[in-house]
Amino acid sequence: MTALPTYEQKDQTVTFHYPDHDLQLTVLTPAIVRVFEYRGNNGASYAIEGNKQTATDFKLTDTGDHYELTTSALTIDLDAERHVDVYDTNGNALVTDFRGERTLLDKGVDKVHQRLVEAEGHSVTKSTVKANASYYEVVKTLAPDEHLYGLGDKTGYLDKRGFEYDNWNVDNPSPQLEILPNIYKSIPVMLGLKNGHPYGLFFDNTYKSHFDMGKESDHYYFYSAVDGNLDYYIIGGQSLKDVVTNYTYLTGRTPLPQKWTLGYQQSRWGYSASEDEVQEIADNMKKNDLPCDAIHFDVDYMRGYRVFTWDKAKYADPKKFVSSLKGQGIKVIPIIDPGVKQDPDYDKYAEGIKNNYFVKTPAGKVYINKVWPGDSAFPDFGRPDVRKWWANNNKFLTDMGVGGVWIDMNEPATFEGEIPDDVVFNDQDTPSTHKKMHNVYGHNMAKATYTGLKAQQGKRPYVITRAAYAGTQKYSTVWTGDNRSMWPHIQMMIPQLCNLGLSGFSFVGTDIGGFASDTSAELLTRWIEAAIFSPLLRNHAAMGTRHQEPWSFGEPTLSIYRKYLKLRYRFIPYLYDLFAQESTNGLPVMRPLVLNYPEDTRVRDLDDEFMVGDNVLVAPIVQKSKLNRTVYLPAGNWIDFWNNREYPGNQDILVDAPLDKLPLFIKKDTLLPWGQEVSHVAETPDTTMTFKAFGQNASYEHYQDNGSDFNYEDGEFNRYLVTVKDGDVNVTLTHSGFKPVYQTITVDLPAKSVTLTYDAANQSYRA
Ligand code: GLC
């Protein structure tokens with residue numbers, strides 16, 4: 001038997017001296033342990049900021065056969081062959097190295113046949129992660145009963161088992177079907193339920209990498225990377241929720257957004273080419289009694305696609321126009337791409353050249369590729385000074401009065417082939433390569449944009465990005481990029497947004513109605529129903545496609561669309577409460593049932609239902625021509641939102657769903673804050689609040705602040721504990737720091753309505 005390696009312990013890090021390479025285990029918290037092997041890569045993590053290590057007791061034992069490192073949450077065994085095996089406190093295996101024979105997936109075709117396949121126009125979809133000298137793999141055992149989640153925005157289903165994915169941010173125009181290995185984001189965190197026991201693994205490596213989630217073999221899954229250190233975090237927890245909380249402790253949480261960002265947003269590539277067209281959209285929203293909080297300005301508002309310009313030929317006075325829209329309750333969200341047009345007479349390009357802000361070829365020339373403006377240079381966002389420059393550039397937009405900034409094409413996308421691996425990108429201030437910095441390009445652009453907006457607006461920045469890496473959730477909302485107006489994409493919205501949520505991204509959304517291709521009245525209707533709880537609520541479409549504004553198809557689409565937008569605004573206080581919770585526990589707003597009911601085997605691969613918080617269950621129609629569906633209700637009793645009918649859980653029920661109905665269930669004994677019917681999220685604080693009771697017994701904690709800036713960090717917020725017991729209502733202000741507190745609070749019970757009034761002298765509520 002090979003001898004166990006010697007080791008050294010320094011604080012919470014143990015370095016094991018294996019013959020080939022050292023392997024380090026670092027205990028960050030009882031439930032987070034880092035596994036690290038230096039493979040020549042320097043530089044700090046982009047996902048993890050600050051020191052996340054807390055003083056944690058752990059024990060290291062030499063059992064003779066292996067080392068055993070034990071914290072209060074995890075046990076990690078290391079043997080002489082470098083196998084890393086992780087168990088929970090009850091000895092249940094969570095993550096164990098695979099020891100059997102690999103059965104390589106033979107996807108090869110010989111050259112002749114490959115040519116034949118390609119002659120008919122097919123491309124063989126396959127991973128582009130290739131083995132080379134620095135390549136490595138981590139292979140873990142897969143149990144027959146094991147479900148795998150996470151990985152950010154990947155296409156396909158909730159349970160990722162049986163599929164393979166690449167981590168390399170791309171702007172791939174192909175329809176985003178389950179066979180696509182990668183799209184815009186690389187969020188290399190996976191969560192598992194092994195025999196029902198939860199764990200997480202986060203591979204912090206920005207190089208191109210790959211997850212085979214048990215496609216090659218049913219006996220193992222593996223992670224591989226073309227380069228970089230072996231650097232992964234084992235994340236434990238009592239429940240899947242704990243794993244998400246621990247992972248977001250490590251990489252950060254979506255901060256509390258401005259409240260109005262939860263309102264409806266209308267967009268289309270092309271609108272912003274004309275002031276009149278934008279105004280017409282705003283007018284139509286109003287005329288049709290459709291609540292709306294923002295209109296997005298796509299690339300057309302710029303002068304020749306030059307970022308941080310506004311075309312004066314199209315807009316007489318952009319600032320005045322932005323302000324006039326604001327007066328109408330509509331914020332403007334302009335798009336910004338990273339590509340800076342190569343034009344010596346354009347100030348941003350000239351500044352970038354003068355200060356060396358752009359990425360360069362290995363020979364030292366500014367690297368140029370084509371994007372919307374034609375030949376463009378690419379800011380080197382890995383560098384702090386370039387991020388600072390970019391942050392300041394946003395002043396042009398914030399001075400105009402914009403509500404936020406939408407950042408796009410930041411994979412980065414390039415029209416004339418991918419940027420070669422060896423193009424020089426800096427890793428902070430150290431020269432590095434595109435190969436290493438590609439996957440964090442969007443992340444660093446988002447961080448720069450967030451920093452600029454925060455300084456310039458003093459409000460909670462509203463940034464929406466397409467490309468991201470783990471940790472980007474601290475800086476930006478994300479949307480899932482260019483989907484299509486087709487039924488498989490409304491279907492995919494649910495697992496895709498749920499997996500983003502499990503991967504730390506709570507503020508997420510899809511292009512409602514579908515971006516590319518032509519939508520239909522039915523698809524648009526079902527999409528607004530299905531998306532009404534998606535935190536980012538934006539209808540966006542590509543130029544040249546059929547119009548898909550709420551009124552584009554006439555009736556009944558318009559009325560149904562209106563009904564759901566109004567419902568959304570009623571739910572905004574609930575969504576805002578969920579964000580207030582999320583900012584401290586990392587639990588997503590929109591979540592798969594498995595997060596709330598991990599013990600229920602029925603929900604572990606449920607793709608067509610989701611929950612909003614703990615007590616709202618949504619089962620949209622995501623198939624063409626369907627007018628009813630089965631809905632699986634987990635444990636508990638459930639109330640049909642539309643008719644108050646009660647159903648016991650743990651069963652499938654058949655629900656009628658004519659075109660205007662979104663099947664929606666509220667868990668019995670739930671209180672929901674019920675927002676006012678408004679056309680825009682109010683800038684002035686509400687002075688009254690209503691709660692809807694589903695049942696006679698419930699309690700709910702509601703959060704209130706000014707919905708806009710960072711004063712809440714200094715205690716300027718209120719918390720209300722609302723309790724209903726056998727129909728009696730009680731309200732307690734458990735934290736007060738924000739004025740005004742609600743003057744009245746009304747609770748609508750099934751058979752009566754109770755209003756309590758604030759007694760300022762006693763800081764209490766009475767009937
Ligand atoms: C990209 C974006 C899309 C945008 C278009 C034009 O395709 O994903 O949302 O409309 O570029 O800027």
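A polar contact is a pair of N or O atoms within 3.5 Å. The model shown here is predicted.

**View 1. Polar side chains reach the ligand.**
Aspartate 482 places a polar side-chain atom 2.5 Å from an oxygen atom of the ligand. For arginine 466, a polar side-chain atom lies 2.8 Å from a ligand oxygen atom. Aspartate 408 also takes part, with a polar side-chain atom 3.1 Å from an oxygen atom of the ligand. On its own, the ligand exposes 310 Å². The protein buries 98% of that area.

**View 2. The chain is divided into domains.**
Domain 1 spans 293-461, domain 2 spans 591-667 and domain 3 spans 684-766. Between the C-alpha centres of domain 2 and domain 3 the distance is 28 Å.

The volume of the largest pocket is about 590 Å³. Its lining has 32 residues. Closest to the centre of this pocket are Lys259, Trp260, Val681, Ala682 and Glu683. Of the elements, α12 gives the most, with three residues. Why does the largest pocket lie between domain 1 and domain 3? Both domain 1 (293-461) and domain 3 (684-766) give residues to the lining, so the pocket lies between them. In the lining of the largest pocket, 11 residues are nonpolar, 13 are polar and eight are charged.

**View 3. A search of the structure finds one cavity.**
Across the whole structure, one cavity of 30 Å³ or more is found. The largest cavity has a volume of about 110 Å³. Its lining is made of 15 residues. Thr254, Pro255, Pro461, Thr477 and Phe507 lie nearest the centre of the cavity. Nine residues of the cavity lining are nonpolar, four are polar and two are charged.

Methods
Residues numbered from 1 in each chain as written. Predicted model: local features only at pLDDT ≥ 70, side-chain atom pairs only at ≥ 80, totals over all residues. Heavy atoms only, no water. 1 Å grid on protein atoms, 1.4 Å probe; cavity = no way out; pocket = protein on both sides within 12 Å on 5 of 7 lines; lining within 4 Å. Points joined across faces, edges and corners; volume = space filled by probe spheres on them. Helix = DSSP H or I, 4+ residues; strand = E, 2+ residues; numbered from the N terminus. Nonpolar A, V, L, I, M, F, W, Y, C, P; charged D, E, K, R; others polar. Domains from an automatic or database assignment. Polar contact = N/O pair within 3.5 Å; in protein donor to acceptor, adjacent residues only side chain to side chain. Areas by Shrake-Rupley, 256 points an atom, 1.4 Å probe, with all protein chains shown as cover.
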